[in-house]
Amino acid sequence: MFFIIPLLILAGGIALLGRTPFALRMVAAALDILTIPITYQAIQVLFGKRTALLAAFILATTLWPIHLSRLALRVTMLPAILGLGAWA
């Protein structure tokens, strides 16, 4: 079931923005931007505010999440989806 969720999200982005690489990159970028507050909320519930701020800062400034989101890979959606699951 998990493997279908990123594909449905990408299909929604393609339906809205057209069949272009730009559409895939915008969906990946939007999810990666949303990953930062999702990570903050999930970590805050589990470990506290200071740890949540540190985790959000590291996620926002680390090279790999930024680089992989530019490639529009499905794996970049994993932190957002798992963060929502941990937060719920």
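Student: Which helices each supply at least two residues of the nonpolar patch?
Tutor: Helices α2 and α5 (78-87) do. A helix here is a DSSP run of H or I with at least four residues, and a strand is a run of E with at least two. Bear in mind that this is a predicted model: local features need pLDDT of at least 70, side-chain atom pairs need 80 or more, and totals for chains, interfaces and linings use all residues. Numbering starts from 1 along each chain as its sequence is written, and side-chain values use heavy atoms, without hydrogens or water.

Student: OK. Which residues make the patch?
Tutor: V45, L46, F47, L84 and W87 make a nonpolar surface patch of about 540 Å². Nonpolar side chains are joined within 5 Å, like charges within 9 Å. Areas are Shrake-Rupley values with a 1.4 Å probe.

Student: Where does the largest share of the patch come from?
Tutor: From α2, which gives 3 residues.

Student: And where does L84 lie?
Tutor: In helix α5.

Student: Why does L84 count as partly exposed?
Tutor: Because its relative accessibility is 44%. Buried means under 20%, exposed means over 50%, and partly exposed is in between.

Student: Zooming out. How many helices and strands are in the chain?
Tutor: There are 5 helices and 0 strands. From the N terminus on, the order is α-α-α-α-α.

Student: What does the C-alpha trace span?
Tutor: About 40 × 30 × 20 Å along its principal axes.

Student: What percentage of the residues is buried?
Tutor: Of the 88 residues in the chain, 26% are buried.

Student: F22 next. Is F22 buried or exposed?
Tutor: F22 is exposed, because its relative accessible area is 51%. F22 also lies in α2. Between F22 and A72 there are 50 residues of sequence separation and 9.4 Å in space, C-alpha to C-alpha.

Student: Where's L8?
Tutor: L8 sits in helix α1 (residues 4-17). With a relative accessible area of 59%, L8 is exposed. L8 and A42 are 34 residues apart along the chain, and their C-alpha atoms are separated by 23 Å.

Student: Last one. Which loop holds G48?
Tutor: The loop between α2 and α3. G48 has 23% relative accessibility, so G48 counts as partly exposed.

Student: How far apart are G48 and L7 in space?
Tutor: They are 33 Å apart, C-alpha to C-alpha, and 41 residues apart in sequence.

Terms used:
Patches are made of residues with over 30% relative accessible area and no salt bridge: like charges are joined within 9 Å, nonpolar side chains (Val, Leu, Ile, Met, Phe, Trp, Tyr) within 5 Å. A salt bridge is a side-chain nitrogen of Lys or Arg within 4 Å of a carboxyl oxygen of Asp or Glu. Buried means under 20% relative accessible area, exposed over 50%, partly exposed in between (1.4 Å probe, protein chains only).
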